[in-house]
Amino acid sequence: MDIFLQQIINGVVLGSIYALVALGYTMVYGILGLINFAHGEVVMVGALVAYTVMTALLPTGLPPVLLALLALLVAAPVCMALAWIIERYAYRPLRHAPKLAPLISAIGVSILLQNLAMMIWGRSYHAFPDILPPLHYDIGGAQITLLQVVTILLAAGTMAALAWLIQRTAMGQAMRATAENPAIAALMGVPVNRIITLTFVIGAALAALAGLMVGANYSVAHYYMGFMLGLKAFTAAVLGGIGNITGAMLGGLLLGLIESLGGGYIEDLTGGFLGSNYQDIFAFLVLISVLVFRPGGLMGERVSERA
Amino acid sequence: MLEVRDLHLHYGGIQAVKGISFSVGQGELVALIGANGAGKTSTLKALARMLPQATGRVHLNPVDGPAIDLMRLPAHELVTHGVALVPEGRGVFARQTVLENLKLGAFRVQDRHLVQQRLDELLERLPRLKERASQLAGTLSGGEQQMLAIARALMSAPKLLLLDEPSMGLAPIMVDRIFELITAARDSGVSILLVEQNARLALKVSHRAYVLESGRITLTGNSADLLQDDRVKAAYLGETVC
Ligand SMILES: Nc1ncnc2c1ncn2[C@@H]1O[C@H](COP(=O)(O)OP(=O)(O)OP(=O)(O)O)[C@@H](O)[C@H]1O
Ligand SMILES: [Mg+2]
């Protein structure tokens, strides 16, 4: 078995999920300059709602793929509504307050959601049912499961659709304009508040999908999962250059690979001193390094702006 | 076309506009001149609803419809009533292409053919922009950006065009180009409120003018007369009066 190739495959799967979540951070940051620390919790809610829907429908005997689809059809609107509420009541009133205020509000929302989730779903880890038959393919001495293939393709397709929306549609152009200068965008007739809401809601839809993917691939969901996942995805967004859409996709993928390869080799690297359960180290090494050496991230500051 | 009564505006404790009244007639080009900090930009921003703290009565009286109370509209609805502002410092979207900037000017126009038609027309008139259509607006020269900002406003086919110092920081040749655009808009019947520090130029192209000093209108009249006025000459035209 080829460990290197295997870790690449695992890394791409993990990275695709990070990328989906990182997009939510980066889009909101791009438009409001706000780090929406509650975003990880939205992923968590997505995963747990998906879990609930699937286990509730399991006795119906419907094919698992259909269950997953139904789970997403419920989880996505729930997350979107949640994001709408968060933006409307936790952030909008603080739009013109000092930067620290919405940040504290974000952390407050985050804690609130964790506690609500704990009350609803308890403290235990919830195991997801198998969504796809446990098929796998051999490539070059490594294995890729059907679930992994579907995860990668679905994430890639979703991101392509998002890129199309942002780059090619009038609505996407309005989002970019709002991100660049909301006051001028309003002069053009862009309903800025609605665009901001839309940005949160789209990010939440991606979060719901990511939540389902986490549950399906790592078969666990619990009330606290949003914290670490959110932090990692935020790291991915910073790595790519926060505010930059392509950067978030790239940063997510890269972080997934770094973590996966790092986790795969950490035992060899440290002579057995640290095991693969220390793989989280890499995300934070990346975060610190980026912040110290290249705060703009990989894709940051590429466009020259003249006065 | 535009009726402003007793417009007040303050920033915190600073009173920037102290109860001014003025009007712009249908098809008229009216200049608003004044020194730095007189309150010109503040006035335009208030009219464009970018400063919610402004108070006063601002009405739009289109020939073909009922009067509209601008102070009741959110900023993003103004353009649908035919009001467009070309802001100080141009305000083009640097990270979007020239073409995208222009299209955004017609963001609220539903009819795609109409948008395309206006686009073709403007690009035909402005070859400099046409050549650079797919370039990012941030890479244009200052003059080209100003041209783009005005063209973008024209994409909404405004009835009232508010211009904030379109000549600022431009070489004379570019100023001429920009003013050709403005006078063409004037001649096609667009009502225009022009804020300028270049008073001579503003008075030459406008029908009437107001002089703003520390948030108050101190002088008003026909532009031709103001060009001969000793006070204006001394304060804004840089001429020594014997
Ligand atoms: N955002 C703001 N906060 C506080 N004070 C402001 C603000 N904007 C403008 N002012 C003040 O209001 C007054 C009028 O400013 P304004 O920008 O309207 O002047 P202006 O006539 O456009 O000047 P210029 O010719 O330099 O553009 C000035 O004293 C300015 O300092
Ligand atoms: Mg000004």
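Student: In this predicted model, in which loop of chain B does Ala157(B) lie?

Tutor: Ala157(B) is not a glycine, yet its phi is positive, at about 50 degrees. Its relative accessible area is 38%, and Ala157(B) is therefore partly exposed. As for its place in chain B, Ala157(B) lies in the loop between α5 (142–154) and β7 (160–164).

Student: Which residues coordinate the magnesium ion (ligand 2)?

Tutor: The coordinating atoms are an OG1 and an OE, at 1.8 to 2.2 Å from the ion. They belong to two residues of chain B, Thr41(B) and Glu88(B).

Student: Why does this pair tie together separate parts of chain B, and how many residues apart in sequence are they?

Tutor: Thr41(B) lies in helix α1 (residues 40–47) of chain B. Glu88(B), by contrast, lies in the loop between β6 (83–86) and α2 (98–105) of that chain. The pair therefore ties together parts whose separation in sequence is 47 residues.

Student: Is Thr41(B) buried or exposed, and how does Glu88(B) count?

Tutor: The relative accessible area of Thr41(B) is 19%, and the cut-off for burial is under 20%, so Thr41(B) is buried. Glu88(B) has a relative accessibility of 38%, a value for which the residue counts as partly exposed.

Student: Which residues does His76(B) touch, not counting residues up to four places away in sequence?

Tutor: His76(B) is found in the loop between β5 (68–69) and β6 of chain B. With a relative accessible area of 18%, His76(B) is buried. From chain B it touches Arg108(B), and from chain A it touches Ala186(A), Gly189(A), Val190(A) and Pro191(A).

Student: Why is α2(B) largely enclosed by the rest of the structure, and what does the cover of its buried residues include?

Tutor: Six of the eight residues of α2(B) are buried, so the helix is largely enclosed. The buried residues are Val98(B), Glu100(B), Asn101(B), Leu102(B), Leu104(B) and Gly105(B). Their cover includes elements of both chains: α3 (112–125), α4 and α5 of chain B, together with α5 (146–168) and α6 (170–180) of chain A.

Student: How far apart in space are Thr139(B) and Leu60(B)?

Tutor: Thr139(B) is found in the loop between α4 (127–131) and α5 of chain B, and at 31% relative accessible area it is partly exposed. In sequence, Thr139(B) and Leu60(B) are 79 residues apart. In space, C-alpha to C-alpha, they are separated by 36 Å.

Student: Why is chain A as compact as a globular protein of its length, and what is its radius of gyration?

Tutor: The secondary structure of chain A comes to eleven helices and four strands. For 307 residues the globule rule gives 19 Å, and the value for chain A is close to this, so the chain is as compact as a globular protein of that length. The radius of gyration of chain A is 19 Å.

Student: What percentage of the residues in chain A is buried?

Tutor: Chain A exposes about 13,900 Å², of which carbon and sulfur atoms supply 69%. Of the 307 residues in chain A, the buried ones make up 50%.

Note on methods
Residues numbered from 1 in each chain as written. Chains lettered and ligands numbered in written order. Predicted model: local features only at pLDDT ≥ 70, side-chain atom pairs only at ≥ 80, totals over all residues. Heavy atoms only, no water. Helix = DSSP H or I, 4+ residues; strand = E, 2+ residues; numbered from the N terminus. Rg over C-alpha atoms; globule rule 2.2 N^0.38 Å. Buried < 20%, exposed > 50% of the residue type's maximum accessible area, 1.4 Å probe, protein only. Areas by Shrake-Rupley, 256 points an atom, 1.4 Å probe, with all protein chains shown as cover. Donors = N, O, S within 2.8 Å, 3.2 Å for Na, K, Ca; no water. Contact = heavy atoms within 4.5 Å.
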